[in-house]
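Open the structure in your viewer and keep the selection panel at hand. The stops below say what to select and what is there.

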Amino acid sequence: MTSTMVRTATLPGSALEGSRLPMDDVSFVHQPVLLKEAIDALAVRPGGRYVDCTVGGGGHAEAILQDCLPGGHLIAIDADPAALDSALARLDRFQDSLTLVHGSYADLGEVLHRHQFGPVDGIIFDLGLSSLQLEASGRGFSFRREEPLDMRFDATTPGPTAATIINRSSEQELVRLLRTYGEERRSRAIAKALVENRPFKSAAHLAQVVTRRIGPSRGGIHPATRTFQALRIAVNGELNNLRSGLQQAVSALKPGGRLVVISYHSLEDRIVKETFRTESQDCICPPELVQCICDHQARLSTIHRKVITPTVQEKVRNPRSRSARMRAAQHIKAWST
Ligand SMILES: C[S@@+](CC[C@H](N)C(=O)[O-])C[C@H]1O[C@@H](n2cnc3c(N)ncnc32)[C@H](O)[C@@H]1O
């Protein structure tokens, strides 16, 4: 693949400082998913305070900034310093209304406290990874690339890489990981192949071994999709981060504030759905209890009756949107610290 390398902006001290981004190769440009639907659900208004927990290439952030001016402000977080670079390149003109933060949305409460930014009018999570990470991060997210199997969103953290997990885990641990985080039905066969073919150095090698063991793609989905998903979730602690980030987000909203979450696989969507369900109930006691002992109070009211998915046109225009599912809710109680 050929690409013209253009560098448009950098964050001081970021991972890509002094390097160049392939910003004008269309396969690297991240097209925001469910953009209109997400911005409508956030009900962005001039003067409002918003948080983008996963700024990525800045597509959703740009639309929020356009609608919250004059007077509004956006805090935009990403775990990946390179994503912040590409977001800054896109959002440069909004600098006075934008605070970019390198960190995890699992620390959302602390980020908002540090910036004295709360309560807020709207928060968005667009989960998963961006096209830039998939195609140009060099961290082994793509099946096709001879890249080191890293898969950390934030490579400045000391956590284990995907290669460490595959090369050091027992076969039983790999079976469990593939089942739990990949919902992979062929987990035993794949785990055996992984152990037999260690050590793994590249993403392409991993994809080849899985394909050889369980056969070619079914229904247009690459056979290693669930293996890659499982490893990425394990490396980044994605499910625990999401549970924690959502709780902190609900606590940070103003009455009437909106929470919008776009997820890309059933494990993420289940957590979002469950959080919204629990936070919409006044009592969460087990049904067998005659009297409520939980003192739980509903804080959310869901906005749509059904999950929102991309239109056929969006899926054709942007195939990476095809598994997206969006849920949105509104805060219904007075905000308290
Ligand atoms: C699908 S992309 C977001 C794309 C963005 N909405 C846009 O329009 O360009 C998801 C982003 O979430 C980031 N991310 C993943 N886990 C994170 C976490 N725990 N905290 C903050 N950002 C995270 C990834 O680094 C990635 O840049």
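Start with I123, which is buried because 28 other C-beta atoms lie within 10 Å. A residue counts as buried if 20 or more other C-beta atoms lie within 10 Å of its own, as exposed if 12 or fewer do, and as partly exposed in between, with C-beta atoms placed from the backbone. Before going on, note that this is a predicted model: local features need pLDDT of at least 70, side-chain atom pairs count only at pLDDT 80 or more, and totals for chains, interfaces and linings use all residues. Residues are numbered from 1 along each chain as its sequence is written.

**Stop 1: around I123**

I123 lies in strand 4. Helices (H or I, at least four residues) and strands (E, at least two) are DSSP runs, numbered from the N terminus. Which residues is I123 in contact with, leaving aside its neighbours within four places in sequence? They are V51, C53, A249, A252, L253 and L259. Contact here means that the C-beta atoms of two residues, placed from the backbone, lie within 7 Å.

**Stop 2**

An open sheet is formed by 7 strands in the order 3-2-1-4-5-7-6, and its pairing is mixed. Two strands pair if DSSP finds at least two bridges between them. At the edges are strand 3 (98–102) and strand 6, each of which pairs on one side only. From one strand to the next, the twist averages 20°. Axes are lines fitted to C-alpha atoms, for helices over the stretch in contact, and angles run from 0 to 180 degrees between N-to-C directions.

Select strand 2 (residues 73–78), which runs parallel to strand 3 and is joined to strand 3 by 5 bridges. L74 stands opposite L98 in strand 3. Helix 11 (residues 238–252) touches strand 4 (120–126), strand 5 and strand 6, and its direction makes about 155° with that of strand 5. Helix 12 (residues 266–279) touches strand 5, strand 6 and strand 7, and its direction makes about 20° with that of strand 7.

Go back to strand 2. Strand 1 pairs with strand 2 in the parallel sense over 4 bridges, and L74 is the bridge partner of Y50. In a regular strand the side chains alternate between the two faces of the sheet. Are the two faces of strand 2 covered or uncovered? Both are covered: H73, I75 and I77 on one side and L74, A76 and D78 on the other are all buried.

Move to strand 7 (residues 325–331), where 6 of 7 residues are buried. Strand 5 (residues 253–263) pairs with strand 7 in the antiparallel sense over 6 bridges, and L259 stands opposite A329. Strand 6 (residues 300–302) also runs antiparallel to strand 7, with 3 bridges; there L300 stands opposite H331.

**Stop 2: V111**

Select V111, in helix 4 (residues 108–114). V111 counts as buried because it has 23 C-beta neighbours inside 10 Å. Not counting residues up to four places away in sequence, V111 touches I75, I77, V101 and G103.

**Stop 3: the ligand and helix 2**

Select the ligand. Of the 24 residues around the ligand, P32, T54, G56, G57 and G59 come nearest. A residue is near a molecule or strand if its C-beta atom, placed from the backbone, lies within 6 Å of it. Helix 2 (59–68) and strand 2 each supply at least two residues of this shell.

Next, colour helix 2: its buried residues are G59, H60, A61, E62, I64, L65 and C68. They pack against several elements, among them helix 1 (35–42), strand 1 (49–52) and helix 3 (81–91).

**Stop 4: two domains**

Zoom out. The protein chain is divided into domain 1 (26–126 + 239–331) and domain 2 (139–236), with bounds that come from an automatic or database domain assignment. Their C-alpha centres lie 28 Å apart. How many residues of domain 1 are in contact with domain 2? There are 7, and they meet 7 residues of domain 2.
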